[in-house]
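Trainee: I would like a close look at a single part of this model. Please keep the account plain and give the cut-offs.

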Amino acid sequence: MDTDQVRDKWDVTKGACPTRQVLSRIGDTWTMLVISTLEKDGTLRSGQLKSIIEGITQKMLTQTVRHLERDGVVRRDVVPTVPVTVTYTLTPLGLSLAAAVATMRTWAYDHMDEIAAARKEYDANT
């Protein structure tokens, strides 16, 4: 199938389209932060991710990396040490998603002043 045929196969505006689940997952703040962190810092243990990503709870981190592992974005490796060492790494699919996340992050950085001004104006008028 060529690219146009693949795109025609899915329609995110339809309620049953599975791409909605994908967009929901990758649009999640914690997902974006985990992907960004693994892209920048490479393979990390859970505790390292938690210390880098301010505000994430252990529950949310565990939930996020499990979802990303299920989706094939993150690889979880268990090293048989005492205690057991678990590491997380982006897969090739995850690295391709990291490029899109980096684009969105850059857009946010580039436009944050405009967004802050728009919010201030909106709040003043409501």
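Is β3 largely enclosed by the rest of the structure or largely open, and why?

Mentor: First, the basis. This is a predicted model, in which local features need pLDDT of at least 70 and side-chain atom pairs count only at pLDDT 80 or more, while totals for chains, interfaces and linings use all residues. Residues are numbered from 1 along each chain as its sequence is written, and side-chain values use heavy atoms, with hydrogens and water left out.

Strand β3 covers residues 85-90; helices (H or I, at least four residues) and strands (E, at least two) are DSSP runs, numbered from the N terminus. Five of the six residues of β3 are buried, so the strand is largely enclosed by the rest of the structure. Buried here means under 20% relative accessible area, exposed means over 50%, and partly exposed is in between, with a 1.4 Å probe and protein chains only.

T87, which lies in β3, counts as buried because its relative accessibility is 14%. Leaving aside residues up to four places away in sequence, T87 touches T43, L44, R45, R75, R76 and D77, where contact means heavy atoms within 4.5 Å.

The pairing of β3 comes next. Two strands pair if DSSP finds at least two bridges between them. Strand β1 (residues 44-45) runs antiparallel to β3 and is joined to it by two bridges; R45 has T87 as its bridge partner in β3. Strand β2 (residues 74-79) also pairs with β3 in the antiparallel sense, over six bridges, and a hairpin of five residues joins β2 to β3. The bridge partner of R75 in β3 is T89.

Two of the residues that T87 touches, R75 and D77, form a salt bridge with each other, their closest N and O atoms being 2.8 Å apart. A salt bridge is a side-chain nitrogen of Lys or Arg within 4 Å of a carboxyl oxygen of Asp or Glu. R75 is partly exposed at 41% relative accessibility, and D77 is partly exposed at 26%.

The structure holds three salt bridges. Another one is formed by D71 and R25, with 2.9 Å between the closest N and O atoms. D71 lies in the loop between α5 (58-70) and β2 and R25 lies in helix α2 (residues 19-26), so this pair ties together parts that are 46 residues apart in sequence. D71 is partly exposed, at 34% relative accessibility.
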